[in-house]
Amino acid sequence: MEGKSDCMIEINNVTKTYTKGNAKVKALDNVSISAAKGEFVVVKGSSGCGKTTLLLIAGGLLQPDSGSIKINSQEINKLSQENLAEFRADNIGFVFQQYHLIPYLSILENVNIPSLAHQTNNTEARAIELIEDLGLKRRMLHTPAELSAGEKQRTALARALLYDPAVILADEITGNLDEKNALIVLEKLTEYTNSGGTVLLVTHDDKVIKFADRVVELKAEE
Amino acid sequence: MKIGLLVVKEIKRRKLNFSLGLLSVIFAVASVTGALTMLKIHDINSDKLISGKEKETRERLAVLQDDYRKITKKLGFNLLILPEDQNLSDLYADDFAAKLMPESYVDSLANSRSIFIRHLLPSLQEKMIWPEKHRTIILTGIRGEVPFLHKNPKEPIIQAVPKGTIVLGYELHKSMQIKEGDKVTLKGDIFTVRKCNEARGNKDDITVWIALDEAQKILNKEGKINAIQALKCHCAGNSLAAVRDEVHSVLPGTQVIEKGSKVLMRAEARDRAAREALEAIEAEKNHRKSMRKEQEHFASILVPVVLFGSGIWIAFLFIGNVRERKSEIGILRAVGVKEWKIMKLFLLKAVIIGVLGAIAGYFAGLGTGGILGGQFTLKIFDINLLLIVLIFAPILALMAAYVPATIAARQNPANVLREE
Ligand SMILES: Nc1ncnc2c1ncn2[C@@H]1O[C@H](COP(=O)(O)OP(=O)(O)OP(=O)(O)O)[C@@H](O)[C@H]1O
Ligand SMILES: [Mg+2]
């Protein structure tokens, strides 16, 4: 099938239940979502409906109770920890609401961080290019603490784009941003999908919808 | 990007965490180095002290040896040549020899080409009652020194008693209140008192000396003597046998005995001094040894306690560091950094702490040990110890950081990345 080879993200019947003491919280119940190559998919849902959980499972940072995840034709929950890390380094870029920048590194170094997971790490030119592209040139040698929320998120996006991954998984990335910064970030993601990248963005923010090729609603479990 | 850059930047950023870890290693290494340096100084001091004492003893013994040699040369042995049939038990019991030999023996000896013997003093002695004074005396007739004819006679060492004079022992002149120049009668003959001797504390104090031929006349023993004293013998080494052989070859019917001489006493004293000095050195050695044992014992408790404490301390610091860097570890995992590389992030830091701590701790310990041990020379510097701490301090830090590093690597990145 044509669609199959085109399918970059394939989440099939994923279920995840958190256990905290005796209490069980079903975060995901039999969820299936897919995204084709070059597609910008927005997963919309209310707070606590399992959006972040879905994203972490899609990126192989969390194991589902059942179901399968295929990214770039690779069934990732069959990979060993080692191979999964390598796969992530080569195929997936994460952007989180909380940026997760390393506080003691400069913006340039932060953008360059994924090179730690690669053999070829002459990525500084590419990092500078991304930084300039995202309007952070004057901030390059600053530390994250000296940046605004928008600048931080742009830095995180530059970091995710460093190795030009097949997929970007983005979690509520506009949550802390003003209109202007949100626009910069979303336009950059659109540019990325236009050049063949696939985006899975989870959010409860309706502003994002106009950038989406497709919107999927995620319902909270009772 | 290199992982080393991350480690160095993190250290620069979180100086307190790093410094506390470093201090702990410095303290541990300094304790070990300090303890070992003090032991080393103890050993150096012990060696110096003991070898100093040994040198001193050697010098003192050399002086004694030299004295002995000089005295031997000067005095030689005091020999007593007696008639062969003189029973030595009687000699010692009676304080004089009673058996007789011809006076001509002296001349025979004097005329012989003796190598060893000098200063011949013939004498005739007998214990008797001084009839006029009712006293027991030892009457001694002496002739003065008989010179060897073939040798240059030097100043005689004992003056003869001239005829008609008498020399009295201390006990006699004192109790009878006789002064030099007085006249006394002995067996009817009148003598002028030539000399009143000082107290000697031996049989000399009841001895009366007169000329040999007058004594022979009084005792009715003309031409007889009891003994020949030979003084200042140049002896062939310490060999009395050689002297004996020589005397026997000239005077077959005699025996030669050695009188208790100063030389012997000196020799004995020297041996005793040597023995005592050696015992003192041995005692000092034992004392230093037991002191060292005490220090060793102390070090053997201190060192493991300090190492263990320091290890625990470093482990806790690393656990704190891991907690602080949860988000960092989470994102590193998200970008695909492998678990072992996360561990490396912490272990590399531990090695840096270990190496820097070893160098700083070594010199701190050397300084402290030097000050406490009271010695500050190049001798206390021990390159081997430096190498050992350079190897073991990083190992200690690595061991302490291993569990926290494992915790960091195993940490579930989802937990921290989900947080909002
Ligand atoms: N470790 C956990 N233990 C127990 N329950 C958890 C755990 N993590 C998440 N949950 C619960 O699982 C559900 C889904 O959580 P998740 O973070 O995926 O939701 P979300 O859609 O991302 O919410 P938000 O929009 O607020 O970010 C929530 O009800 C949450 O309380
Ligand atoms: Mg969320």
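Visitor: Where does Phe381(B) sit?
Guide: Phe381(B) lies in the loop between H10 and H11 of chain B, where helices are DSSP runs of H or I with at least four residues and strands are runs of E with at least two, numbered from the N terminus. This is a predicted model, in which local features need pLDDT of at least 70, side-chain atom pairs count only at pLDDT 80 or more, and totals for chains, interfaces and linings use all residues. Residues are numbered from 1 along each chain as its sequence is written, chains are lettered from A and ligands numbered from 1 in the order written, and side-chain values use heavy atoms, leaving out hydrogens and water.

Visitor: Switching topic, how many cavities of 30 Å³ or more are there?
Guide: A search of the whole structure gives 3, a cavity being a set of points on a 1 Å grid over the protein atoms alone where a 1.4 Å probe fits but cannot get out, with lining residues having an atom within 4 Å of a point. Grid points are joined across faces, edges and corners, and the volume is the space filled by probe spheres set on the points.

Visitor: And how much space is in the largest cavity?
Guide: The largest cavity holds about 110 Å³, and its lining includes Phe94(A), Arg159(A) and Val335(B).

Visitor: Which element gives the largest share of that lining?
Guide: E6(A) does, with 3 residues, and helix H3 (81–91) and helix H6 (149–161) of chain A each supply at least two.

Visitor: Back to chain B, what are its domains?
Guide: By an automatic or database domain assignment, chain B has domain 1 (3–59 + 275–419) and domain 2 (79–258), and their centres, taken over C-alpha atoms, are 85 Å apart.

Methods. 1 Å grid on protein atoms, 1.4 Å probe; cavity = no way out; pocket = protein on both sides within 12 Å on 5 of 7 lines; lining within 4 Å.
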